[in-house]
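Take a look at the chain below.

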Amino acid sequence: MSAPGYPGSPNHPPYPQPGQSAPPYPVPAGGYLGDPNQGPPPGFNMGYNQGQPPVMYQPGPAPGPDFVGQPMGISPAPTPVGVPPGLEYLTQIDQILIHQKVELLEAFIGFETNNQYEIKNSLGQKIYKAKEKNDCCTRNCCGSLRSFDMKIKDNMDREVIRLIRPFRCVSCWCPCCLQEMEVQAPPGTTIGFVKQDWHPFLPKFSIQGPDGETVLRLKGPCFACNCCGDVVFELTGKDGEQPIGRISKQWSGLLKEVFTDTDNFGIQFPMDLDVKMKAVLMGACFLIDFMFFEKVGEANQRSSVFS
């Protein structure tokens, strides 16, 4: 007597008899290549191209209560203890890219407008946006020395960081009135300062906490100009010895460097650095841009307009 087949399916092979081992489950092409008698590990991608690893808790607009379907963004992570709201994502990265937007009016006629920036992660995903705020007279009369407030917002349009730069002198002969910037997160709560240290030749800065105590130091080259190359400001501990990161002004190409003041920056820091100090380093990057590279763009624009 033959073994019974599958119920309702006479063309299927019979059940295995006692003492006989069943054939392994067929493996689909391009799928799991491990032990055929065991299932793939949890989370295994069955034959799909994994590509870049996902960015966890990338700030983005969260879906509303009436949203139906797959959300386009991932809500931010719960706020860790001691991290200002909106800065949670900074705890997961060790590099930031800052790209200044091209202002057409400024590029064509040299009329200074409010600077705008996009702040991205290493994958090129926008995580914050920044915009300078002051009046027209201040921008066009004081140039790169101008005072301003800069609002940094996340992708949900929440202001998470505010930078405050007062009007200061930039000459090395005035050590009592050097450049500085206050960093607040959230707005109204000071988390640190960026202060220029006097030196006759080298651009140096102290990264300070809210009480004014120096935590980190920045040191740039003697000539902070990028002639077909990057300009690097080394980040060290407060002793100024061991490099732990950098702020680099990246070469943007001949046309952009000559006819605009649009700049690209990269910031590198230790992953475990205090998130508040990461935000202060962002402020240091903007201060460096205005001090050393904004005025170069202004001079190039004026020469191109009047020539």
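This report goes from the whole chain to single residues.

The model is predicted, so local features need pLDDT of at least 70 and side-chain atom pairs count only at pLDDT 80 or more, while totals for chains, interfaces and linings use all residues. Residues are numbered from 1 along each chain as its sequence is written, and side-chain values use heavy atoms, leaving out hydrogens and water.

**Whole chain.** The chain has four helices and twelve strands. Both are DSSP runs: helices are H or I with at least four residues, strands are E with at least two. The chain holds 307 residues, and 36% of them are buried. Buried means under 20% relative accessible area, exposed over 50%, and partly exposed in between (1.4 Å probe, protein chains only).

**Core.** The largest nonpolar core has 50 residues. Such a core is a set of buried Ala, Val, Leu, Ile, Met, Phe, Trp, Tyr and Cys residues joined through side-chain atoms within 4.5 Å. L87, I119 and I161 touch the most other members. Helix α4 (residues 275-306) gives the largest share of this core, 15 residues. Leaving aside residues up to four places away in sequence, I161 touches several residues, including L87, V183 and M282.

**Cysteines.** The whole structure has zero disulfides. A disulfide is a pair of cysteine sulfur atoms within 2.5 Å. Two cysteines show the distances.

| Cysteine | Nearest cysteine sulfur | Distance |
|---|---|---|
| C136 | C137 | 7.3 Å |
| C141 | C137 | 3.8 Å |

C136 counts as partly exposed, at 37% relative accessibility. C141 counts as exposed, at 61%.

Methods. Contact means heavy atoms within 4.5 Å.
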